Every structure is written in structure tokens, then in C-alpha cells.
Amino acid sequence: MLAESEAIERILSVLDPLPQQNVPLCESLNRFAASHLLAMVPLPGFNNSAMDGYALQAADSQKSEPLRVTGEQPAGAQRDLKVDPGEAVRIFTGAPLPAGANAVIMQEDVTKIDGGTKISCNEPVTPNENVRLMGCDICVGQRILETGQRVTAARIGILAAQGLSTFEVTGCPRVAVVTTGNELAQAGTFLKPGQIYNSNGVMLQAMLGGLGISNVSVQHVPDDYVRTADILRELIGSHDFIIICGGVSVGDHDCVRPALQALRVKPGFWRVKIKPGKPLLFTQAPRGDGTSCTIFGLPGNPVSAFVTFELFARPALLKAMGASAQELKHPQSSTVLDSKLNNGSNRPHYVRGYFDGHKFTPQGGQRSHELFGLGNSNALLRMEPGSKLQAGSEVTVLLI
Ligand code: AMP
Ligand code: MG
């Protein structure tokens, strides 16, 4: 049985980022920058007003004489106005600052005189007050995105502010999910005795969606190694990843390994020292064109499937999507455990629980078929084999 860290290392060592592609900006969400990007447009693009008010020379705000309002500068049009001493220009948020002005006084801080042709300042302003200076947020040449950084909605905002409508990202893998098992019924059908609904298929599809991988093909095969081999053969030719779930253990009806054997695909590894999820299979099936299809055989128990996807398939998929080493890891937090826990097993145990920002509370039953607690969980706590933790122990959890 392989140690968890070795399994991850072996997976990541054989995966490369997919070729890059140019996608419309709105489709780049959750993808990864294929190369670093330098700003071409400064932000702000010109000195402009942060307030509705009056552009003036800051020193004039301290004087008792009213200021003459000589014009109006709205946003969106450069009126080439000028502010001399003793003068002010009516200005609005986002409007270019007139030449000569070095501050804006908020309209709430002035008293209009003679129908607004003059103002007197009720508060002093300092140079640059309420002014957004050109380039103070982003200057030309600044690195605004690093290779392998995730494209978030905020970063899409930055790219759009650069005037871009498309963006170069690393490719997105074509992923197929295959569920296995004679006992599984599809949603919407009546359960026959001994049947259960197929929950892993759509759960894995949703987990892929969470990584920004849509367009996933989801199929089901009965426990029949010939049919499993047939479907795998077809998918190997057309997909970058196959996530096959269930049937990877040693039971008489576990068909994934016999199917791979029939296809002459050797398992890279099978079985990892981890709980839940021991029967985890990983391999790559070569294709005629020199590329290969990466195959994960996840255990069928729903919690095992979830945890092994998070720990092993997720980093592999993200690496193929071009994520930086840092982006491959789950965010972590140190916290306090609020009840005692015991890992009597000889494998590391990932305990599912809820992290509220202060403490970690294990949720529900912790056996590998017990989905309910996982549903209330947002974090995993890794317990060393044979370890005991007291309530109040300081722990580090992975945020999922
Ligand atoms: P297996 O890994 O095929 O031995 O399955 C282990 C357990 O997971 C069994 O109780 C299966 O019924 C269950 N299981 C397997 N596949 C699924 C699935 N797609 N959805 C829900 N439960 C499943
Ligand atoms: Mg099965």
C-alpha cells in the first residue's frame, strides 16, 4: 500500500499542463493564466475625481473668500477646463481633473452662493484629497497576473479594465465519469429491492464543475468487465481523464482492474494508505498519438469517492489545467478541535467536520458510506495513524 504523499508525488510527476487556448473573458473563470500578463493600460487611466463636488486648488479651501465656479466637468468627456487660484470647477465622480486643480471638495462640504455661480468651502481639503491619481492602482508594465494563477471574477474585472475581451489560459481537460455497480439505479426510476440510487455520478460531476470543468460525460456500467473494458477503450480515445468509481476493490464483482488488464493498461498504483479510500487506482493509458488518458479508479463508497477525489484527482486535474504549485493545495487553517477523536486505524484518517472560523467540529458518522456528516462539512482533519486528540487540541484543517 502506497503512502499518501508518495501517491500524490507519483500522480503529479506524470502530469503536464494541457496546451493553452484563447477564450472569451467570461469563459475564463476558474481557468489558469497560461503566462504572466503585464498591464498595458494604467488604472486609473487619468487623474480623476473620487467624489461629486468641486475641483479646486487645495490652498483655496482654507481661504474665506468664495470661489468662482467657472465650468462643469462630467465623467466621460474631456472638456479641457482649467482651475486658476480663486476658481473651482463643478465635477462628478470619475471625471478628469481639470488642469490647475489638485483636489476635490465634496459637494456636502460647500455652500452654494448666487445660484451656484460661487461656492464657499466649509471644510479644508489637502492636496490630492478626493483625487484618484493616474496609475495609482495599476501602472503600465506591472505584472497583473502570474502564470498558473486562477482566473477569479475579480481578476476578470482587472483583465476587462485592460480592455481585453479574450484571455490565454491553459486548456481544460475533457473528463468522463463512469460509475459501476449492478445495484445502482438512476434518479427518477423506482428502486427494486437491493438497489440504491447512483449518487456518486452526479456528485463527482458537481465536484468537477466546482473546479471549472463543465461538459463532463457521465456514464454507468454494470459489474461486467467486458462492458467496462469496452467503455474504457472508447473513453481513453476521446478524453484526457476518466474517473471511474466503484469496482476497484478485490470483490468478485470488482471489474475495473480486470477491465484495465484486458486493455493491457497496467495500474500505476492501486491502494493508498488512507481512510476513507484505500482502494484508489491511478494509471495512464497511452494513445497512439503519444498522449495519454489519465485514469482514476475511486472507491464506490460515497465519502471515500469524495475524499479521494479531493486529495488525489483534484490536484491532478488542476495541474493539467495549468495551476501553479500553490493553487494545487487546499487552503488550510489552524484551529481548535472541539471534541476528542481517536484514530484506531493504521492509516491516516481524514475526519470530516465543520470549521466555523474558531473551532473544528466533526460532523456525523465517520464511516465511508455516511454521507450526511460530509454534507455538513467544509473541512477535513487529517489524523495520524493510531493518534488520539483531546478536545481543545490545536489542529490544522484543509478547507474543502
Ligand atoms: P464498490 O467500491 O463498488 O465495492 O462499492 C462500495 C460501496 O459503494 C457499495 O456499498 C456500493 O453500493 C456503493 N457505491 C458504489 N458506487 C456508487 C455510486 N455511484 N453511488 C452510490 N453508492 C455507490
Ligand atoms: Mg461495486
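# Ligand shell, domains and local backbone features

Ligand 1 is surrounded by 14 residues, of which the closest are Glu183, Asn198, Ser199, Gly247 and Gly300. The model is a predicted one, and the protein in it is divided into four parts, namely domain 1 (4-18 + 172-320), domain 2 (21-43 + 137-170), domain 3 (48-132) and domain 4 (332-399). The points below begin with the ligand, pass to the domains, and end with individual residues and peptide bonds.

**Surroundings of ligand 1**

- A polar atom in the side chain of Glu183 lies 2.5 Å from an oxygen atom of ligand 1, while a polar backbone atom of Ser199 is 3.1 Å from a nitrogen atom of the ligand.
- Asn301 also approaches through its backbone, with an N or O atom lying 3.1 Å from an oxygen atom of ligand 1.
- Taken alone, ligand 1 would expose 480 Å², and the protein buries 77% of that area.
- Two elements, β13 (175-180) and β15 (196-197), each give two or more residues to the shell around ligand 1.
- Sorted by class, the shell around ligand 1 is made up of nine polar, three nonpolar and two charged residues.

**Domain 1 and domain 4**

- Between the C-alpha centres of domain 1 and domain 4 there is a distance of 26 Å, and the contact involves 15 residues from domain 1 and 16 residues from domain 4.

**His239**

- His239 is placed in the loop that runs between α4 (225-238) and β17 (241-245).
- Is His239 buried or exposed? It counts as buried because its relative accessible area is 12%, where the cut-off for buried is under 20%.
- The side chains of His239 and Ser238 are joined by a polar contact of 2.9 Å.
- When residues up to four places away in sequence are not counted, His239 touches Arg174, Val175, Ala176, Ser217, Arg287 and Cys293.

**Gly141**

- Gly141 belongs to the loop between β10 (131-132) and β11 (143-145), and with a relative accessible area of 44% it is partly exposed.
- Apart from its neighbours within four places in sequence, Gly141 is in contact with Leu38 and Ala39.

**Cis peptide bonds and positive phi values**

- As background to this group, most peptide bonds are trans, and most residues other than glycine have a negative phi.
- Leu43 and Pro44 are joined by a cis peptide bond with an omega of about -10°, and Pro44 is found in the loop between β2 (37-38) and β3 (48-49).
- A cis peptide bond also joins Lys275 and Pro276, with omega at about -5°, and Pro276 lies in the loop between β18 (269-270) and β19 (281-286).
- Asn30, a residue other than glycine, has a positive phi near 70°, and its place is in the loop between β1 (20-24) and β2.
- Asn128 is not a glycine either, yet its phi is positive at about 75°; this residue sits in the loop between β9 (118-121) and β10.
- How accessible is Asn128, and which class does that give? At 40% relative accessibility, Asn128 counts as partly exposed, because that class covers the range between the 20% and 50% cut-offs.

Conventions. Residues are numbered from 1 along each chain as its sequence is written. Chains are lettered from A and ligands numbered from 1 in the order in which they are written. This is a predicted model: local features need pLDDT of at least 70, side-chain atom pairs count only at pLDDT 80 or more; totals for chains, interfaces and linings use all residues. Side-chain values use heavy atoms; hydrogens and water are left out. A residue is near a molecule or strand if one of its heavy atoms lies within 4 Å of it. A polar contact is a pair of N or O atoms within 3.5 Å; within protein, one must be able to donate a hydrogen and the other to accept it, and residues adjacent in sequence count only if both atoms are side-chain atoms. Accessible areas come from the Shrake-Rupley method with a 1.4 Å probe; for residues, only the protein chains shown count as cover. Helices (H or I, at least four residues) and strands (E, at least two) are DSSP runs, numbered from the N terminus. Ala, Val, Leu, Ile, Met, Phe, Trp, Tyr, Cys and Pro count as nonpolar, Asp, Glu, Lys and Arg as charged, and the others, Gly among them, as polar. Buried means under 20% relative accessible area, exposed over 50%, partly exposed in between (1.4 Å probe, protein chains only). Contact means heavy atoms within 4.5 Å. Domain bounds come from an automatic or database domain assignment.
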